[in-house]
Amino acid sequence: KPLGKHRADVLKTYIDHLESRAVKLSKRTVGEVMHMSGFSRDYAEGWCSGNDNAIHEMLAAGIKVEGE
């Protein structure tokens, strides 16, 4: 019997760690981003679209996304 943890135990611990990941990322409206960016609608729409894509990809990867 090898010393220390078995490979399966190490992998389970790592999987548990990955599944417990979470980030905080605010979902903002176009109006909110326009106000913060100096009222540029094109910038605000692009920012919101990129933010939505990031949230989607993180959720697909099993990362919890929490708002502020």
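Select Ala-44 to begin: at 0% relative accessibility it counts as buried (buried means under 20% relative accessible area, exposed over 50%, partly exposed in between, with a 1.4 Å probe and protein chains only). Ala-44 sits in helix H3; helices (H or I, at least four residues) and strands (E, at least two) are DSSP runs, numbered from the N terminus. Now show what surrounds this alanine. Not counting residues up to four places away in sequence, Ala-44 touches Val-30, Val-33 and Met-34, where contact means heavy atoms within 4.5 Å. For a distance along the way, draw a line from Ala-44 to His-56: the two are 12 residues apart in sequence and 18 Å apart in space, C-alpha to C-alpha.

A word on what you are looking at. This is a predicted model, in which local features need pLDDT of at least 70 and side-chain atom pairs count only at pLDDT 80 or more, while totals for chains, interfaces and linings use all residues. Residues are numbered from 1 along each chain as its sequence is written, and side-chain values use heavy atoms, with hydrogens and water left out.

**Stay in helix H3**

Next, select Asn-51, which lies in helix H3 (residues 41-60). Is Asn-51 buried or exposed? Its relative accessibility is 7%, so Asn-51 counts as buried. Leaving aside neighbours within four places in sequence, Asn-51 is in contact with Leu-25, Ser-26, Lys-27 and Arg-28.

Lys-27 counts as exposed at 59% relative accessibility, whereas Asp-52, at 34%, counts as partly exposed.

**The other salt bridges**

How many salt bridges does the structure hold? There are three. In general, side chains of opposite charge can pair when their charged atoms come close.

Move to Glu-45 and Arg-41, whose side chains meet in a salt bridge at 3.2 Å, N to O. Both lie in helix H3, four residues apart, about one turn of the helix. Glu-45 is partly exposed, with a relative accessible area of 38%, and Arg-41 counts as partly exposed at 45%.

Then select Asp-16 and Lys-12, where the side chains form a salt bridge at 3.1 Å, N to O. Being four residues apart in helix H1 (residues 7-19), they are separated by about one helical turn. Asp-16 counts as partly exposed at 37% relative accessibility, while Lys-12 counts as exposed at 52%.

Now pick Met-36 in helix H2. Its relative accessibility of 54% makes Met-36 count as exposed.

Carry on to Phe-39, in the loop between H2 and H3. Have a look at the backbone here: phi of Phe-39 is near 70°, a positive value in a residue other than glycine. Most residues other than glycine have a negative phi, and most peptide bonds are trans. At 57% relative accessibility, Phe-39 counts as exposed.

**Zoom out**

Finally, bring the protein chain into view as a cartoon. Its secondary structure comes to three helices and two strands, in the order α-β-α-α-β along the sequence. The radius of gyration is 19 Å, well over the 11 Å that the globule rule gives for 68 residues, so the protein chain is more spread out than a compact globule (the radius is taken over C-alpha atoms, and the rule is 2.2 Å times the number of residues to the power 0.38). Along its principal axes, the C-alpha trace spans about 65 × 20 × 10 Å.

Of the 68 residues, 13% count as buried. Among contacts with a separation of 6 or more, 57% are accounted for by residues 24 or more positions apart.

Notes. Salt bridge = Lys/Arg side-chain N within 4 Å of Asp/Glu carboxyl O.
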